[in-house]
Amino acid sequence: FGDLDETTVGKLRPRFDARLVIDSSVVVKLDGTHIQTELGSQLIAEGRDGYEIIITSILDDRYGAGGIFDTSNDGSPIPGGVNAPTPGSWSGLYMGPESILSLDNVVVAYGGGVSRVEGTFTAFNAVEIHQGQARIANSVFEFNAGGFGGQAPASRFGRGPNEEAAIFVSDAQPIIIDNI
């Protein structure tokens with residue numbers, strides 16, 4: 001996304017210092033997609049004990065607000081019901097070079113799947129860190145797939161290769177502590 005100014009009305013300018021901050025107790029439900037950061041951007045998801053941030057599948061009826069967690073409106077508010085989530089229901093969090101990631105008290109569930117990129121499909125790990133800075137602490141990774149598959153070339157159009165893992169790290173030294 002970018003900023004508009006008077007000289008480029010209708011055209012977008014990139015923001016090289018973009019930041020996505022997810023607050024405590026927020027539930028993010030995704031379906032067949034991934035969140036990707038680029039050069040200089042940040043993803044900050046720092047919950048608190050008892051007020052965790054949830055990043056999961058849209059089919060995960062365990063989490064939500066208002067008493068009924070059937071986000072996909074499939075008529076099954078009971079976990080394991082008609083359209084239960086499966087590992088790989090959504091792709092993952094991709095951290096590109098020179099980006100910053102901070103996860104603290106976060107639940108990452110049902111990631112590691114395939115999503116669309118540049119006219120084809122490729123898999124992402126639940127969390128991928130490629131030449132970025134990261135701190136992952138006090139978090140839970142559950143029911144995630146290995147992040148392998150798709151039809152894209154091994155380079156994944158400049159995103160670099162990955163291997164099956166819940167957290168994949170390439171050319172980085174993240175801090176990963178006290179996770180399940």
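Reply: We begin with burial: a residue counts as buried under 20% relative accessible area and as exposed over 50%, with partly exposed in between. Please keep in mind that this is a predicted model.

Me: Which residues form the covered face of strand β11, and which the uncovered one?

Reply: In strand β11 (residues 114-117), Ser115 and Val117 make up the covered face. Val114 and Arg116 make up the uncovered face.

Me: How many bridges join β11 to strand β12, and what is the bridge partner of Ser115?

Reply: Two strands count as paired if at least two bridges are found between them. Here 4 bridges join β11 to β12 (residues 120-123), and the two strands run antiparallel. Ser115 has Thr122 in β12 as its bridge partner. The two strands form a hairpin with 2 residues between them. In the turn, Glu118 has a positive phi of about 40 degrees.

Me: In what order do the strands of the open sheet lie?

Reply: The order is β4-β7-β10-β15, 4 strands with parallel pairing. At the edges are β4 (27-30) and β15 (140-142), each of which pairs on one side only. On average, neighbouring strands of this sheet are turned by 10 degrees against each other, direction ignored. Strand β10 (residues 106-109) is joined to β15 by 3 bridges, and Val108 has Phe141 in β15 as its bridge partner.

Me: Which residues are linked in a network of salt bridges?

Reply: A salt bridge requires a side-chain nitrogen of Lys or Arg within 4 Å of a carboxyl oxygen of Asp or Glu. By this rule the model has 5 salt bridges, and a network of them links Asp60, Arg62 and Glu142. The side chains of Asp60 and Arg62 meet at 2.8 Å, N to O. Asp60 is buried because its relative accessibility is 1%, whereas Arg62 is partly exposed at 28%. Between Glu142 and Arg62, the closest N and O atoms of the salt bridge are 2.9 Å apart. Glu142 lies in strand β15 and Arg62 in the loop between β7 (53-57) and β8 (93-95), so this pair ties together parts 80 residues apart in sequence.

Me: With which residue does Arg159 form a salt bridge, and is Arg159 buried or exposed?

Reply: Arg159 forms a salt bridge with Glu118, with the closest N and O atoms 2.9 Å apart. This pair links distant parts of the chain, 41 residues apart: Arg159 is in the loop between β15 and β16 (167-170), and Glu118 is in the loop between β11 and β12. Arg159 counts as buried, because its relative accessibility is 10%.

Notes
Residues are numbered from 1 along each chain as its sequence is written. This is a predicted model: local features need pLDDT of at least 70, side-chain atom pairs count only at pLDDT 80 or more; totals for chains, interfaces and linings use all residues. Side-chain values use heavy atoms; hydrogens and water are left out. Buried means under 20% relative accessible area, exposed over 50%, partly exposed in between (1.4 Å probe, protein chains only). Axes are lines fitted to C-alpha atoms, for helices over the stretch in contact, and angles run from 0 to 180 degrees between N-to-C directions.
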